[in-house]
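Colleague: Could we go through this model together, with the cut-offs on the table? I would like to hear what lies behind each label.

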Amino acid sequence: MTLSSLPRPNGYRHGVAGDERDIAAFDRGIYALATLIKPVYGPINGVVANAGPTGRSAPELLTDGATIARRLTEIEPRVENSGAMFLRGLLWDVHRQVGDGTSTAAIVFEAMYREGRRGIGAGLNAARLREHLLHHSRHVHIELERQCSPLSGRAALQGLARSACGDEALARAIADVYAGVGIHSQVDVRPSRTDRVGYDFLGDSYWKAHSLDDGLVRGLIGQRVELSNCAIFVSDLDLDEPHLLISVLTAARNRGADSLLLIGRSLSKQCLGLLAANSSSAFPIYAMSTPDATPIHQIETMDDIATIAGAVASKQATGAGPDSFKENDLGFCRRGWVSRTHFGLFAGQGASESLRQRIRELRVTLRNTRDGEREKQLSLRLSRLTARSAVLWIDGGTERIVEDRKRLAERTCRVVRNALNNGVLPGAGIALLECSRSIDPHTAAVTEPEEAFALHMLRHGLEAPVRTLAQNNGQSPGVVITQSLNRGLSKTLSQPPPLDPVGNHEGILDSFEVITAAWQHAVSGVAQALTIGAIVFPRSPTIASAP
Amino acid sequence: MTSQLGDTVFDLAVGRHTDGGLVILAACQNGVFISVDMAETWSGLWLEGMATAIAASPNFASDGVIIAGVYGGIIQSDDAGASWAFRSLDDPRSLIASVSIRTSNGSSPLMLAGSVDDGLYRSVDWGVTWRPSNCGAYIPRITSVLAGNGQLSLAGTDVGLFVSTNDGLTWDDELAGEIDAEVTAVAMEDNLILIGTALDGVYAKCMNPNQTWYQLADSALVGAISAIATVPDSDGSIRVVTVGNTHAQQYRLNVERHSPPVHLLRTDVLPTPAVTSTVLPSGATVLAVAADTQGSILPFSIDLESLSSAHLD
């Protein structure tokens, strides 16, 4: 019984594609997607028009590799589709990991893959080729680390942002924002009311939460309410004991507060009624949920809020309850605000020294953390404690354009943060091109033809970005590559690269994390793809011609 | 000669008249007062409430600009105190601890106000509008501000210093390196930052190249520092004159500026403990004006050349 004749309960059968024509079709699928992406790589960003599912509406104009890959959901015939989907999956992994670099990954992948297919067609062993590819690609990574430098200075920030988004006004705004607030900050991207790119620096600390008291905040849709001289009760308790709320209310009034913000896990109907009866325009009361989903994060966040406001958090874990509340557990802020989805505090009355100490400890913990997710969480906490937040306003016309611009801005912000964290490389493909020098010393020590060819493939992949830029710019790739290598890295870093596109290309930088992710995914993807010997795919079910 | 204002003095400022004469301004419990005869006599300029901070424009002789922090906002005069305009701040209950003006010589105009509980405020349109500006300035209790030189602005707090490189839009407590002290006075000369503290004297730091803080010797003996003046010397060194609670001191920082040695040139005892003071470099001397708890105001000069300080009569 062969694979192709296995019966399936739902009537589907599998097909197997494994001969030379099928593999060539698989390759064509890969090349099709790579060809789509090349025009948008630069130096002058091209555009790919997506006609859409019906082809009857105006085409969507795409300018980044990730979106192009995402839009390409199927091509015909099926075996070619397998190739395209293989590359698509790889590119989406790159995008998910670092938010950028899909075009670089596609170009490097395609260049190495073509050469790899040529080598296998000439009789080289795919498995050996794969082994040598993976082994020698580490030289490139070492060289990239050597080239990596910290991102510093506003001009460099703007250059990196420009490389990532291709929009001068947006790059300038993002550079201003991150030059001001740094990496440990909250930056929100929102549609501009004035239809222009801009930014505002905020001075408050704010958290995502939801309103527990829909009745009290009725009329808040789309707005936020400002609170002054605000008492704050910080907890993760279920606020279902009227006795506790009465104690909190009494304490707030005794201490001269003009408003009250309650933070808890939930609010019972009975307590909601109590709050509604006591809330007024002269003394507004609001209840918000304890921020963060996981218990450990909730405790950390409660402690942060308590430090800012000078409160003592009432935690379930410590057995806090209605009878344990004391008047001094309340915190205070000069100003606060609530909306349906967030609340913010400003000028907390917590002890300055305690806040400073907490920030200091958090900075040390952050410096010593290697876990990516934990790092993000700590960075967010630090941004709130130090009140480093900003809003980036983006322009646009229609809702669709605004959404596209928002995605572009968020992606660029992510690239900038990565670069601030991990450093930058010379852009415009120069960093990878320079790595080809790190391959040369190993050429003399090859042990078999597959190793020599693997080094050739790596070199080809490293040259591919500059080659593509030259081709897109109408220049001779060979000449540009030679010129770039002759200039050397130090000159390239201090002077513009040899390409001379329309527009300002000085100071082109790439994020170290993005380039290394693109390179690693491309190499491992090629190593995998070259060893694919057959493709199994479901056939469409037979459609009955009679009822 | 000391004069008795008979009022609690919160802050002092000095400026120069068009005729070169000195003007002393006092922010007091009962308003803003001015003396044009070296504190012999005083006139009320604005008497509508308490004023807690005051600054005169560096170009006071030509623009006559004075700003003062009052309860709930800033009052500003553009005619040497003849008339005043009130600008409300964001929170009507802000108490202002310090104000500073930078004129537009080579950089855009900037005014900063630091409040007791509500952080920092900033104006870039000559005081017409003031906006809160606390991004990164997470300690809202501001003790002293300096609008700066177009490259750096400074804000002292009860636990340290914030520095801004974008005219007060955002602030950073790590840029200058952490310093754990209640900052009571700030000053700057080119790339050198100086802070006076409540208990630990005066610290200095060079920002370019970025060095660590160093303490000016014996500066902690004089009590809370209320004013710092810097006078560059022709050989590249800097004279630093500080006024504390009980003493005035004069230092000479080395040519390199960014590390010791720092020479303590002179220490002089103040006739009465000063609660606030201000200083104004004036050629070969530094004019200092100090106020005590009784509302007595004492102007005196510190001679940089002869290392003697003399009281003016």
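Modeller: Here is a walk through the labels, one at a time.

Modeller: Some ground rules: this is a predicted model, where local features need pLDDT of at least 70, side-chain atom pairs count only at pLDDT 80 or more, and totals for chains, interfaces and linings use all residues. Residues are numbered from 1 along each chain as its sequence is written, chains are lettered from A and ligands numbered from 1 in the order in which they are written, and side-chain values use heavy atoms, with hydrogens and water left out.

Colleague: Thanks! What makes A:Glu434 and A:Arg437 a salt bridge?

Modeller: The term asks for a side-chain nitrogen of Lys or Arg within 4 Å of a carboxyl oxygen of Asp or Glu. The closest N and O atoms of A:Glu434 and A:Arg437 are 2.9 Å apart, so the pair meets the definition. The two are separated by about one helical turn because they are 3 residues apart in helix H14 of chain A.

Colleague: Why is A:Glu434 called buried, and why is A:Arg437 called partly exposed?

Modeller: Buried means under 20% relative accessible area, exposed over 50%, and partly exposed in between (1.4 Å probe, protein chains only). A:Glu434 has 6%, so it is buried; A:Arg437 has 37%, so it is partly exposed.

Colleague: And how do you know that helix H14 of chain A is largely enclosed by the rest of the structure?

Modeller: Because 9 of its 10 residues, in the run 430-439, are buried. Among them are A:Ile430, A:Leu433 and A:Ile439. Helices (H or I, at least four residues) and strands (E, at least two) are DSSP runs, numbered from the N terminus.

Colleague: What makes A:Asp304 and A:Arg358 a link between distant parts of the chain?

Modeller: A:Asp304 sits in helix H10 (residues 295-309) of chain A and A:Arg358 in helix H11 (residues 352-367) of chain A, 54 residues apart. The closest N and O atoms are 2.6 Å apart, which makes the pair a salt bridge. A:Asp304 has a relative accessible area of 3%, so it is buried.

Colleague: How do you know that E14(B) and E15(B) pair?

Modeller: Two strands pair if DSSP finds at least two bridges between them. Strands E14 (residues 142-146) and E15 (residues 153-157) of chain B have 4 bridges in the antiparallel sense, so they pass that test. B:Ile142 has B:Thr157 as its bridge partner. The two strands form a hairpin with 6 residues between them, and B:Gly148 in the turn has a positive phi of about 95 degrees.
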